[in-house]
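Hello,

I am passing on the structure we talked about. Please open it first, then read the notes below it.

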Amino acid sequence: RVIRNQAAASGQVGVLRQGAADVCLLDQHDADAILVAVLGDAPPQGSRTEVQVEGAVDALTRIGRPAAAALIPIYVTASPAAARQIALVIRSMGSEAIDVLAERLEQSDYPHATAAAALLGEFTETGTTAAAPLVHALADPRFEVRRETRRSLRRLGPIAMPALLDELDSPDPHLRWEAAQLLMALPEPPTGALIRILGEFMDSADVAGRRRAVGALGDLAGP
């Protein structure tokens, strides 16, 4: 309790580095308080040292799932500098953070699903498992979530290819088209798979779909 109170009230997160056992005492409320005090936008920002910020990042990373859950809503209104620190913490957590973000993204009533989608896009080097929940979210009924999901999948780039290729076999034509569009945007798109799926669209009864497929094939062929 002393550790929690000192860290949350003063922002002196060095006390959190006394050991993993002490850090694990922190719950989601504590994680929220530490982030607001040290990484957030509340004053006095100018008095925070690099050591304090690094200590907060280290402590929140050790806390794990509770911290990841607390970071999502704070990310929504964070300054660019704080958002970068939040992204650093999330990436440092690895698969544990991906699991939390995926769970929140799948919740239809979660108010910060767009932020969860954005943070999943931070795993540009190790994001193979981050791609699957993002691909699933392409079917989300909320426009803003689908838009951010596309952005994150583009940021993941080639790492997202396996999940997008799997989606080409979805029974939902909308999802197949979304996956095809994202695959076409890759630096080295999977030409064979795209020709197959676009050919299927050209054989469909949907006139608009056939026209889109023809245009996409032209784009794929290049000048």
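Keep in mind that this is a predicted model. I started with helix α10, and what covers its buried residues includes α7 (95-106), α8 (113-120), α9 (128-136), α11 (161-167) and α12 (173-184). Helix α10 itself runs over residues 143-156. From first C-alpha to last it reaches 20 Å, close to the 20 Å expected for its 14 residues. Its buried residues are V145, R146, E148, T149, R150, S152, L153 and L156. Just after the helix, G157 has a positive phi of about 65°.

The largest nonpolar core has 58 residues, and L153 is among the six that touch the most other members, together with I86, I90, L101, L105 and L164. Setting aside neighbours within four places in sequence, L153 contacts A131, L134, V135, L138, A160, L164 and L182.

Next, the charged pairs. The whole structure has 9 salt bridges. In one of them, R91 and E122 meet at 2.7 Å, N to O. R91 is in helix α6 (residues 80-93) and E122 is in the loop between α8 and α9, so this pair ties together parts 31 residues apart in sequence. R91 is partly exposed, at 37% relative accessible area, whereas E122 is buried, at 14%.

D140 and R142 also form a salt bridge, at 2.8 Å, N to O. Here D140 is buried at 10%, and R142 counts as buried at 16%.

Finally, R65, E103 and R104 are linked in a network of salt bridges.

Regards

Technical notes
Residues numbered from 1 in each chain as written. Predicted model: local features only at pLDDT ≥ 70, side-chain atom pairs only at ≥ 80, totals over all residues. Heavy atoms only, no water. Helix = DSSP H or I, 4+ residues; strand = E, 2+ residues; numbered from the N terminus. Expected span 1.5 Å × (residues − 1). Buried < 20%, exposed > 50% of the residue type's maximum accessible area, 1.4 Å probe, protein only. Contact = heavy atoms within 4.5 Å. Core = buried A, V, L, I, M, F, W, Y, C linked by side-chain atoms within 4.5 Å. Salt bridge = Lys/Arg side-chain N within 4 Å of Asp/Glu carboxyl O.
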